[in-house]
Amino acid sequence: MHKRFVNHCTIELTLIPDGPILIKSGKEGADPTKPDMEFVETYYGGGKSIYLPGSGLKGAIRAHGERIVRTVGSDRKPSNSNSNNNTIWANDPINDKYDYLKDKNGKDLLPPEIYKNSSFTDQIFGNTSIASRFRVEDAYPVDPKKIRLEERNGVAIDRVFGSVAVGPFNYQVCTGGEFKTKLHLKNFTLAQLALIGLVLRDLNDGWFGLGFAKSRGLGTVSVKYNCAKVQYPGCILSQDSQNNRKIKQLGNPGEWDVNLLLGAGEFLSTDEAVKYGFLKLDRQITPIRAEEMDLGFGVQMKWEGNEENGVKDLFLKAVNSWNQALVVT
């Protein structure tokens, strides 16, 4: 099933520092005039510029997503179930031995069983047996000239004696500017999309931060939604016998109203949905109507900005499915 695209979501957003942030470079430069801890840099827009690496953003999103799932669900696979289809849970990917993804002889299960038995968060972000279906692009400055960098001084205090243990040292922080990035999620259920929305909400509210020294006040950002697209590459727009426009799946009998947000299970046969653990009925009514993708092939729905029918509406509809999943649990 994961060898093809059934649905794909792209979220364009802007991250704005609410205070100082620092994504440290892993190496110290040879320039003695630069601070001990430098911001990561790359070539962008015709010169050197700081940026927010996509790998760090993805790690922060995954970590908080796991906290949310453990809070409302479980931190381990239920022993009384052969799948997690009706149970939301998040494992510890660092210490997990993934024994439940192997049979009695220690061999890997078949791909559908591996996906079905993986935790809710692993199904999104991947594990040692399945690839991630969530991707984050590097966040580059919208306008490099508006980036504001400062140098600050710090020390590390000895917890026993209260004296200076390390330092003083200086570090570079960003206190102004905007960074634009894109998040991509493919073959998703609406509950999985909802989890991404909840994480972004908490990031905007300052529940967790990005980068260095988060416990000391660094790393908080505001999240501004630019637009979001949900695309169904294997579908076209057609008209039924009453001249009503419909989303029609090519090669399959699937057909839906143009104002329906659809999860991955909608595009699968009943047998395939059961095999992977997808809900066959996974849809929400939205105020957005589907339109053709570029080149006249494929169908997409597009949400713009933070207004009433903006990106927040997409997440609001997805959270309805998240709530239903929790009720089922």
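View 1. Glu-272 counts as buried, because its relative accessibility is 17%, under the 20% cut-off. This and every view below come from a predicted model. The side chain of Glu-272 meets that of Arg-4 in a salt bridge, N to O at 3.0 Å. Arg-4 sits in the segment before β1 (8–17), while Glu-272 belongs to helix α5 (residues 270–276), so the bridge ties together parts 268 residues apart in sequence. Arg-4 is partly exposed, with a relative accessible area of 39%.

View 2. Asp-122 pairs with Arg-62, and their closest N and O atoms are 2.6 Å apart. Asp-122 lies in helix α3 (residues 120–125) and Arg-62 in helix α1, so this pair links parts 60 residues apart in sequence. Both residues are buried.

View 3. The closest N and O atoms of the Asp-75 to Arg-76 salt bridge are 3.2 Å apart. Asp-75 is partly exposed at 40% relative accessibility. Arg-76, at 54%, counts as exposed. Shared partners join Arg-62, Glu-66, Arg-70 and Asp-122 into one network of salt bridges. The whole structure holds 15 salt bridges.

**View 4. Helix α1 packed on helix α4.** The axes of α1 (residues 54–72) and α4 come within 9 Å and cross at roughly 105°. The two helices are therefore roughly perpendicular to each other, since that class spans 65 to 115 degrees. From α1, the contact uses Ile-61, His-64, Gly-65, Ile-68 and Val-69. From α4, Leu-195, Ile-196, Leu-198, Val-199 and Asp-202 meet them. By class, this contact has 7 nonpolar, 2 polar and 1 charged residues.

**View 5. Tyr-232 in the largest nonpolar core.** This core has 90 residues, and Tyr-232 and Trp-322 have the most contacts inside it. Helix α4 (residues 190–204) supplies the largest share, 10 residues. Beyond its sequence neighbours up to four places away, Tyr-232 touches Val-6, Asn-7, Ile-247, Leu-260, Leu-261, Leu-262, Phe-267, Gly-298, Val-299 and Met-301.

**View 6. Gln-242 in a loop between two strands.** The loop holding Gln-242 runs between β10 (235–239) and β11 (245–249). Gln-242 is exposed, with a relative accessible area of 62%.

Terms used
Residues numbered from 1 in each chain as written. Predicted model: local features only at pLDDT ≥ 70, side-chain atom pairs only at ≥ 80, totals over all residues. Heavy atoms only, no water. Core = buried A, V, L, I, M, F, W, Y, C linked by side-chain atoms within 4.5 Å. Buried < 20%, exposed > 50% of the residue type's maximum accessible area, 1.4 Å probe, protein only. Helix = DSSP H or I, 4+ residues; strand = E, 2+ residues; numbered from the N terminus. Contact = heavy atoms within 4.5 Å. Axes fitted to C-alpha atoms, helices over the stretch in contact; angles between N-to-C directions. Parallel < 35°, antiparallel > 145°, perpendicular 65-115°, else oblique. Nonpolar A, V, L, I, M, F, W, Y, C, P; charged D, E, K, R; others polar. Salt bridge = Lys/Arg side-chain N within 4 Å of Asp/Glu carboxyl O.
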